[in-house]
Amino acid sequence: EDPASLLYAIGRAGRRQDRSAIGHLVQALEHDDPAVRMMAINALERLTGERLGYNPYSSQRLRHAMVKVWVEAVNQGRFETDER
């Protein structure tokens with residue numbers, strides 16, 4: 001889980017429109033490294049067209065609240081993830 005490898009994987013998922021990575025990208029929104037969080041939300045926006053109010057530079061409390069919004073949206077099937 002080193003940030004460099006994670007950044008590469010996140011970038012690749014976004015470029016390849018890999019919707020099966022949506023769940024992992026949502027998890028990355030909680031990462032300690034702000035670059036990972038920024039890349040994750042950018043990839044999610046590329047895949048879903050949404051940011052759902054998430055800001056990678058907000059306080060940890062606000063970020064956590066917005067990650068809950070993302071998790072709920074994914075769990076409710078708002079975004080097709082290609083995971084069947």
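Which residues have the most contacts inside the largest nonpolar core? In this predicted model, they are Ile 10, Leu 25, Leu 29, Leu 44 and Trp 70, within a core of 20 residues. The elements that contribute two or more residues to this core are H1, helix H2 (22-28), H3 and helix H4 (60-75). H3 supplies the largest share, 6 residues.

The protein as a whole contains 4 helices and 0 strands, and its pattern along the sequence is α-α-α-α. The C-alpha trace spans about 35 × 25 × 20 Å along the principal axes. Of the 84 residues, 35% count as buried. When contacts between residues at least 6 apart in sequence are considered, 54% join residues at least 24 apart.

Two packed helices are described by the angle between their axes and the distance between the axes. For helix H1 (residues 3-15) and helix H3 (residues 34-48), the axes come within 9 Å and cross at roughly 10°. Because angles under 35 degrees count as roughly parallel, H1 is roughly parallel to H3. On the H1 side, the contact is formed by Pro 3, Leu 6, Leu 7, Ile 10, Gly 11, Ala 13, Gly 14 and Arg 15. On the H3 side, the contributing residues are Ala 35, Val 36, Met 39, Ala 40, Ala 43, Arg 46 and Leu 47. By class, the residues of this contact divide into 11 nonpolar, 2 polar and 2 charged.

Ile 10 takes part in the contact of H1 with H3 and is also among the residues with the most contacts inside the largest nonpolar core. Leaving aside neighbours within four places in sequence, Ile 10 is in contact with Leu 25, Ala 28, Val 36, Met 39, Ala 40 and Ala 43. Of these partners, Leu 25 is likewise listed among the core residues with the most contacts.

A further position of interest is Ile 22, found in helix H2. Ile 22 has a relative accessible area of 0% and is therefore buried. Not counting residues up to four places away in sequence, Ile 22 touches Leu 44, Leu 47, Thr 48, Val 74, Phe 79, Glu 80 and Thr 81.

Notes: Residues are numbered from 1 along each chain as its sequence is written. This is a predicted model: local features need pLDDT of at least 70, side-chain atom pairs count only at pLDDT 80 or more; totals for chains, interfaces and linings use all residues. Side-chain values use heavy atoms; hydrogens and water are left out. Axes are lines fitted to C-alpha atoms, for helices over the stretch in contact, and angles run from 0 to 180 degrees between N-to-C directions. Angles under 35 degrees count as roughly parallel, over 145 as roughly antiparallel, 65 to 115 as roughly perpendicular and the rest as oblique. Contact means heavy atoms within 4.5 Å. Ala, Val, Leu, Ile, Met, Phe, Trp, Tyr, Cys and Pro count as nonpolar, Asp, Glu, Lys and Arg as charged, and the others, Gly among them, as polar. A nonpolar core is a set of buried Ala, Val, Leu, Ile, Met, Phe, Trp, Tyr and Cys residues joined through side-chain atoms within 4.5 Å. Buried means under 20% relative accessible area, exposed over 50%, partly exposed in between (1.4 Å probe, protein chains only).
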